[in-house]
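Biologist: I'm new to this structure and would like to learn how to read it. Could you walk me through a few features?

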Amino acid sequence: MTLDPLNAFLHLEPQEGPGPTIGVKDVIDVAGMPTTAASRILRRIPERDADCIARLRAVGARIVGKQNTHEFAYGALTTSPHFGPARNPWNTDHVCGGSSGGSGAAVAAGLVDVSIGTDTAGSVRIPAAFCGVTGIKPTTGLVPTGGMFPTSWTFDTIGPLARTAEECVWALEVMAGRPIELREPGDLRVGVVESLFERADPRVAAVCEEALRGLPGRHEPVEIPLHDEITTILQLVLLPEATAAHLHWLRTRLADYGADVRARLLAGLFLPSTAHVTGLRARRFATAEYERALGSYDLLVAPAMPILPPRLDAIPDDYRLLLIPYNSPASLWGVPAASVPCGFVDGLPVGLSLVGRRGEDGTVLGVARAYQRATDWHERRPPLAFDASTREVVYNRQSLSKGV
Amino acid sequence: MPAESSSLDVLRQLAEEQGVSPSDEDLEAVQGFLTRILPALAELEERLPPETSP
């Protein structure tokens with residue numbers, strides 16, 4: 001049984017009122033709604049909202065449900081073996097990305113105005129790109145993570161997905177508890193990460209190159225320092241932290257994890273004690289190298305994803321390794337990074353990645369807003385889209401939770 | 001083959017000492033991952049300037 005045609009929601013609960021509708025990834029607590037992380041293991045009904053959700057509720061947002069995710073937000077597919085895959089509304093035979101996959105699918109299909117996802121190493125940006133919506137991983141620390149089940153305390157961020165950059169600004173300002181000063185794109189210095197264009201599917205790269213021509217500023221080719229090492233550095237920090245967060249259940253519920261998440265969590269158990277410290281040292285070194293080489297650029301631009309969303313029955317063996325070089329740098333550096341819809345290939349969406357300097361979320365979103373004022377990619381609707389009246393039909397199947 | 005079995009036995013013992021009981025299949029998946037990341041870790045440790053703090 002699914003609660004909606006895309007299996008985007010794991011729990012639905014309609015809320016009356018005029019405010020915007022919000023769906024929440026199921027690793028973030030919403031008072032009175034179950035938190036499961038799309039797992040067989042976690043099931044709690046929190047009494048308190050996560051900090052960011054309390055702020056949204058305080059301004060009148062309607063929290064309508066909890067959204068499907070890769071199990072424990074520890075993967076990029078949203079194909080939970082326990083709750084089933086969330087599907088891409090542009091073609092339901094294809095993945096919607098992850099780990100905030102239900103969040104991306106729900107926005108694209110019009111089931112909610114805004115989704116609240118998490119991004120540890122790409123989990124907002126991947127589904128945003130694959131579902132053709134706007135999503136931002138904010139500067140690390142901008143949005144409080146209290147009430148979120150952790151993947152990695154060092155890298156976890158909470159960020160919005162919506163159709164437009166303006167809706168993302170609204171949600172981010174509310175969750176951060178302070179204004180985001182949008183920068184009007186004028187005399188920007190834009191670094192074009194050429195290696196990420198070269199590594200991408202040529203059809204995806206061509207769409208992003210066309211989008212690039214529409215971006216203001218002085219464009220210069222750049223390369224990311226220590227790019228090949230960043231994947232290793234991220235894993236050295238992330239794996240032990242995720243394993244530490246799950247240690248009790250690794251001891252008592254190991255067989256209840258899906259095979260892919262179990263393997264990743266066990267890997268963290270066997271790294272030497274030096275790994276995490278080396279990872280933190282290398283992170284500082286790599287960030288200093290980034291600031292030295294690229295710190296004068298207002299924006300770095302690249303394809304958000306190197307591939308189109310694959311079919312659910314034909315996911316490449318190296319899927320994660322393909323994606324990591326596109327997402328990990330911004331996570332490692334702790335800087336804001338957005339995916340903005342910029343075109344289609346074979347009816348599937350393509351996203352453009354905009355990466356800003358630390359604390360300059362307003363530059364990323366200001367440029368995204370300007371781009372969306374000049375284009376209409378963000379206004380396209382997938383075949384499986386719902387208008388307000390159809391949406392009410394989905395919501396009226398109220399107070400339903402998916403069981404395992 | 002004997003070396004591989006012995007390596008799995010070492011991993012199993014390490015896991016059990018931490019209170020975790022993985023299957024052979026789990027350990028084979030982990031072994032493949034460790035084969036990739038441990039040399040990368042060693043290389044990184046050598047490249048990092050000694051004065052870099054966490």
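Biologist: Which residue of β11(A) does Val190(A) stand opposite?

Modeller: Val190(A) stands opposite Leu299(A) there. Keep in mind that this is a predicted model. The two strands, β9(A) and β11 (residues 299–303) of chain A, run parallel and are joined by 3 bridges.

Biologist: What other strand does β9 of chain A pair with, and in which sense?

Modeller: In general, side chains in a regular strand alternate between the two faces of the sheet. Here, β9 (residues 189–193) pairs with β10 (residues 218–222) of chain A in the parallel sense, over 5 bridges. One of the pairs to look for is Val193(A) with its bridge partner Val222(A) in β10(A).

Biologist: Is Arg62(A) buried, exposed or partly exposed, and why?

Modeller: The idea is to count neighbours: 20 or more other C-beta atoms within 10 Å make a residue buried, and 12 or fewer make it exposed. Arg62(A) is partly exposed because 19 other C-beta atoms lie within 10 Å. Arg62(A) belongs to strand β3 (residues 62–67) of chain A, and the residues it touches include Gln15(A), Gly17(A) and Ile22(A).

Biologist: Now the two chains: how many residues of each are in contact?

Modeller: The size of an interface is often given as the accessible area lost when the parts come together, but here we can read residue contacts. 21 residues of chain A contact 23 residues of chain B. On the chain A side, α7, α8 and α9 each give two or more residues, and α9(A) has the largest share, with 8 residues. By class, that side holds 13 nonpolar, 3 polar and 5 charged residues.

Technical notes
Residues are numbered from 1 along each chain as its sequence is written. Chains are lettered from A and ligands numbered from 1 in the order in which they are written. This is a predicted model: local features need pLDDT of at least 70, side-chain atom pairs count only at pLDDT 80 or more; totals for chains, interfaces and linings use all residues. Two residues are in contact if their C-beta atoms, placed from the backbone, lie within 7 Å. Helices (H or I, at least four residues) and strands (E, at least two) are DSSP runs, numbered from the N terminus. Ala, Val, Leu, Ile, Met, Phe, Trp, Tyr, Cys and Pro count as nonpolar, Asp, Glu, Lys and Arg as charged, and the others, Gly among them, as polar. Two strands pair if DSSP finds at least two bridges between them. Lists of a residue's contacts leave out its neighbours within four places in sequence.
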